[in-house]
Amino acid sequence: MLFDTHVHLNADQFEEDLEQTIERAHEAGVQYMTVVGFDRKTIPKAIEIAETYDHIYAAVGWHPVDAVDMTEADLDWIEELSLHPKVVAIGEMGLDYHWDKSPADVQKEVFRKQIRLAKKVNMPIIIHNREATDDIVEILKEEEASEVGGIMHCYSGPVETAKECIDMNFMISLGGPVTFKNAKLPKEVAEAIDLKHLLIETDCPFLAPHPNRGKRNEPAYVQLVAEQIAELKGISYEEVSQVTTSNALEFFRIQA
Ligand SMILES: [Zn+2]
């Protein structure tokens, strides 16, 4: 049994075949999923999917790329939704220095506000990081995010930083890139970090694992991520699926 901890089944790419996509996931042994909503359009859709399907949960937050658009009303809305029985985390949130829609100082402010909100409602956070590792780690420290902990989603940084995050009560989630031939860092992390700190994810429809790289990604492919981690660690696929699933259930505080 597998738990895909980061999916965007709420994206337009799944509008036509959501039902079949979830069926294919079940056939591949992926029973649990967390659908991540990150703006006014994707949050209600994440909640709707979580309400419709057993074993599918939702996370709600505001994406750093769109930080300039977030209002106080949006923040209140996220706080309200945190009470929903199928909402299991706040996020994704974080910093993204690849795109320049939102200036860094605005992103940082919106990131800090969401960490404070998560602490107020006592929920873990999901971190999106693109080219901003140092600033993210600094803010997590300053805001004492260790109090709630969280997930470093689709982690692609060095082993040292992963350890620093684990010390702050964070899980390291590996996605499709760990299967890419040239992805040195995610492979090093898969080898070096104890399985008890690892989660797996697809981030679908993005970042499809090898040999589906470049195609639309979907939760069934999280199997490929688990297989790659098993190979790198020299352990069985069953062990990887069992431990990462129980890690995720515990992390999201789900009674299985
Ligand atoms: Zn995402």
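Reader: Which residues in H7 meet which ones in H8?

Author: This is a predicted model. In it, Lys187, Ala190 and Glu191 of H7 meet Gln228, Ile229, Leu232 and Lys233 of H8.

Reader: At what angle do H7 and H8 pack?

Author: About 65°, with the axes 8 Å apart. H7 covers residues 184-192.

Reader: Is that crossing of H7 and H8 right-handed or left-handed?

Author: Right-handed.

Reader: Switching to the metal. What are the protein donors of the zinc ion?

Author: His6 and His8, each through NE2, plus Glu92 through OE and Asp203 through OD. They lie 2.1 to 2.8 Å from the zinc ion.

Reader: What spacing do those donors follow along the chain?

Author: H-x1-H-x83-E-x110-D.

Reader: Where do His8 and Asp203 lie?

Author: His8 is in the loop between strand S1 (2-7) and helix H1 (18-27). Asp203 is in the loop between strand S8 (198-200) and helix H8 (222-233). The pair therefore ties together parts that are 195 residues apart in sequence.

Reader: Are His8 and Asp203 buried or exposed?

Author: Both His8 and Asp203 are buried.

Reader: And what is the geometry of the zinc site?

Author: Irregular. The angles among the four donor atoms run from 81 to 179°. For four tetrahedral donors the ideal is 109.5 degrees.

Reader: Next, Val7. Where is its place?

Author: Val7 is in strand S1. Its relative accessibility is 0%, so Val7 counts as buried.

Reader: What does Val7 touch, leaving out residues up to four places away in sequence?

Author: Met33, Thr34, Val35, Val36, Thr202, Cys204 and Pro219.

Reader: How far is the C-alpha of Val7 from that of Gly37?

Author: 9.2 Å. Val7 and Gly37 are 30 residues apart along the chain.

Terms used:
Residues are numbered from 1 along each chain as its sequence is written. This is a predicted model: local features need pLDDT of at least 70, side-chain atom pairs count only at pLDDT 80 or more; totals for chains, interfaces and linings use all residues. Side-chain values use heavy atoms; hydrogens and water are left out. Donors are N, O and S atoms within 2.8 Å of the metal (3.2 Å for Na, K and Ca); water is not among the atoms, so sites may look incomplete. Four donors count as tetrahedral if all angles lie between 85 and 135 degrees; four count as square planar and six as octahedral if opposite donors are over 155 degrees apart and all others between 65 and 115; anything else is irregular. Helices (H or I, at least four residues) and strands (E, at least two) are DSSP runs, numbered from the N terminus. Buried means under 20% relative accessible area, exposed over 50%, partly exposed in between (1.4 Å probe, protein chains only). Contact means heavy atoms within 4.5 Å. Axes are lines fitted to C-alpha atoms, for helices over the stretch in contact, and angles run from 0 to 180 degrees between N-to-C directions. A crossing is left-handed if the near helix is turned anticlockwise from the far one by less than a right angle, and right-handed if clockwise.
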